[in-house]
Amino acid sequence: MLKNVNKSAGVALSMALMASVFAGCSGSNNGEAGASSEPAKASPSASQSSSAAASSSAAASAVPAGIDTSKKVHLQFYMLGNAPKDLPKVEAEINKMAQEDLNATVTFNFTTWTDWDQKYKLLLSTGQDVDLIFTADWTQYQQYAKKGAFQPLDDLLPTAAPALNDFVPKDMWNAVKINGKIYTVPATYQEYVTNGFVWREDLRKKYNLPTPVDIPTFEAYMDGIKKNEPTLQPLAIGSDVRGSLNDTYLDVFRKKVGALPYGMFASYDKPAEMTSYWGSPEQLEDLKRFKSWADKGYFSKNELNEKATNQEKLVNGTAAAMLGDNPTRFNQTNGNMKSLHPDWELGYTPFAVATGYATPVHPIHNGFAIPASSKNAERALAFYEKMVLDKRYNLLTQYGFEGTNYTVDGGYYKMVGDANTNGFPREGMQGWAWRNPEFMLFEPSYDGVKAIFDQLDKVQKPDIYTGFAEDYTEYQAERSALEQVEKQYLFPLLAGQVKDVEGGVKTFMDKAKKAGLDKIQESYKKQWLAYLSESGIQ
Amino acid sequence: MPKKYGFVQELIKNRTLFLMLLPVLAYFLVNNYVPMVGIYYAFVRFDFNTPLFRMDFIGLKNFEFLWRSGKLTELTYNTIGYNLIFIGLGNALSVTVAILVSEVKSKWFKKITQSVLFLPYFVSFVILSVIVFNIFNFEHGVLNTVLKALGADPVDVYSKPKVWILLIVVFYLWKSFGYSMVIYLAAITGIGEDYYEAAKIDGANTFQRAWHITLPMLKNTFVILLLFSLGTIMKGQFDLFYQMVGNNGLLYSTTDILDTYVYRSLKVTFDMGMATAAGVYQSLFGFTLIMVVNGIIRKINKEYALF
């Protein structure tokens, strides 16, 4: 008898263990399985009348007639960065509305900023349930689209999101096309993310230094800072010397058309004349200038190992200037600095002053796409239309709850409490992509950014670089090898830490050629020229 | 004459035991063996819209980036070299300190030493890297501030690759030896008091007791720890190297290991094939290593072998 008890107890125990092992696997499917058993309800007309109180624009509140919403679905929405504290409350409210309008519910997922690029890659390549995901040029939208990671939206848009289809201008839809197909819904808010000089204006006034407008005046400013404030580092670069020194320098000094990779160079004025910047006399000249900056102590000898961000260093008062930041972030840095040091001040000159042109942000810069693995493409698109065009959805996901998270004061956005106590700061969900210019609320301090934008509007020219989708399938091994060579041999040169610049360039070029530089450059150039002629750019 | 049991009879006889084993088997099958199918990714051209087994087979092309820059040997050499030093010095140090601590009579001193040595284990590598940067920074690091105050010339540590071999080893030991020391300490506590008493009666001093009793008794623990660390020799300590060296190409010749290299290569591309290829290379290498070493140990003394 006792023996039997023991035995059955053992069986029970092992079954329990087994159940706990598998419990983890079933969690993700719960939403959908539970949902489908619920009776289908919410006919489009009924839901519309019940939400009549909404102040949304007329076109947006109508449920698209073209899609079948009889079956309930659960959408997985993915955004980069960190989730705001009050996200669960916002999500619950959104779900209440979406359930009524579209017979759908949604989970807002966030990747956090730690290793977001790895997570992004995995989300798209493992066939996980993702229905909507953020896209941008800096998340490699063009390459992913080209490789088939997203679903083409051309046929879906008129039926699933007709209002959104009309809302986004035709030329923007065209601009995001990759191989003739639309893969992402672009944001329509026009802003500039072009760079400009950032510097400590209070110190400039104090020592009567020139206002940086181009490289020579910027040099003079740094020189003045070094002389008058020997302990203050004039220029903050950080460990990404390629991005925040070389690219920005080429942008303002040589009018490079965009951040072309692999040492390729083409100017904005003559994009078709593509040459190799690496190994050219121009590169040697620039590297010598960087070295002279390092030698004069304009930046640290250990810039490559720097941990603090450039903006932090400006705010903390450990550095005086930055070579290139966009107007919005400059404004943010300035605000942060003033809250800590009210008597300090930052100055800003857009690179456009030196180059004579500014390119408004390319539609690819902020968008949302439907991954190839999504099974609910129609509903996802319809939901996204709501996010953009329905004022209730839009305001809630951009600014949180009015009264709890923010108030509107004289047409301006006003945060309740401060960034630490507020559970949903302005654009707390990183909702750059579903910004709707008609509903947007700004803080008074943003007027400074708007003034810069107005200035840039006068010299605006189209961005001709971002629309290019490189296909590196043919040279992907070479590309990875080259990245290594760059880090090992070019970065120290950029940071001015190689004594013999000529010799350093020679070593770098040798290694780069061995890694397959010629093959990469040749293929890249061919694709670039094909792109230019295809899109009619001279 | 003992009757030989077949597998089926064995299964019937011990069915409860096997049933209890099932969850564990299922766990390993689901989490460790089924995913191995993914190794096939290393040999195909990755495509978002094709199921794995219908993707184009491209042989070893995905492995190409590993030797393309001619760095594979240097990387393998660095990786193994560092790990051998870590394993060798790490074990030697923790055994020594464990014996020393175990000899201490005062209970509170023992506890405090143990905790103090164990604490660095919980410091994240990110924080460690910030500490290191603040010590060795050329312009305002602690080291150079002290040097300048003493009237000496400041040194730029971040441009001297050779120094970093030492620094990385030192910080590795600082951070991790407390952990294995605690394991050894536990093993020492498990050794019966009677051995030591007998030795004392025979007139053995502390040193002799440690050498002739404690060390031989620790051999088993040592061998197991050694085998465990050998298995991961190709993939250990990514954080340490990545955080300490980061983007500084000047130091790569002595500090680049496979993990950091692969991470940097694949950060710029999203190809699953190449990422898998790198993983397969590391795993095969680790597998070979552990089989060889275990084989050797089994030859010498069968009881100490892992399997």
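The model is predicted; local features need pLDDT of at least 70, side-chain atom pairs count only at pLDDT 80 or more, and totals for chains, interfaces and linings use all residues. Residues are numbered from 1 along each chain as its sequence is written, while chains are lettered from A and ligands numbered from 1 in the order in which they are written.

Chain A holds 23 helices and 13 strands. These elements are DSSP runs, numbered from the N terminus: helices are H or I with at least four residues, strands E with at least two. Of the 538 residues in chain A, 44% are buried. A buried residue has 20 or more other C-beta atoms within 10 Å of its own C-beta, with C-beta atoms placed from the backbone. Two residues are in contact if their C-beta atoms, placed from the backbone, lie within 7 Å. Among contacts in chain A with a separation of 6 or more, 77% join residues 24 or more positions apart.

The contact between the chains takes 41 residues from chain A and 41 residues from chain B. On the side of chain A, helix 1 (2-26), helix 6 (116-125), helix 21 (476-494) and helix 22 (501-515) each supply at least two residues. Helix 21 gives the most, with 14 residues. By class, this side has 15 nonpolar, 15 polar and 11 charged residues. Ala, Val, Leu, Ile, Met, Phe, Trp, Tyr, Cys and Pro count as nonpolar, Asp, Glu, Lys and Arg as charged, and the others, Gly among them, as polar.

Not counting residues up to four places away in sequence, Leu132(A) touches Leu75(A), Phe77(A), Tyr78(A), Phe368(A), Ile370(A), Ala380(A) and Tyr384(A).

In helix 18 of chain A, Arg379(A), Ala382(A), Phe383(A) and Lys386(A) meet Ala98(A), Asp101(A) and Leu102(A) in helix 5 of chain A. The residues of this contact divide into four nonpolar, no polar and three charged.

In chain B, none of the nine residues of helix 9 (residues 193-201) is buried, so this helix lies largely in the open. Gly203(B) follows helix 9 of chain B and has a positive phi, near 90 degrees.

Methods: A residue is buried if 20 or more other C-beta atoms lie within 10 Å of its own, exposed if 12 or fewer, and partly exposed in between; C-beta atoms are placed from the backbone.
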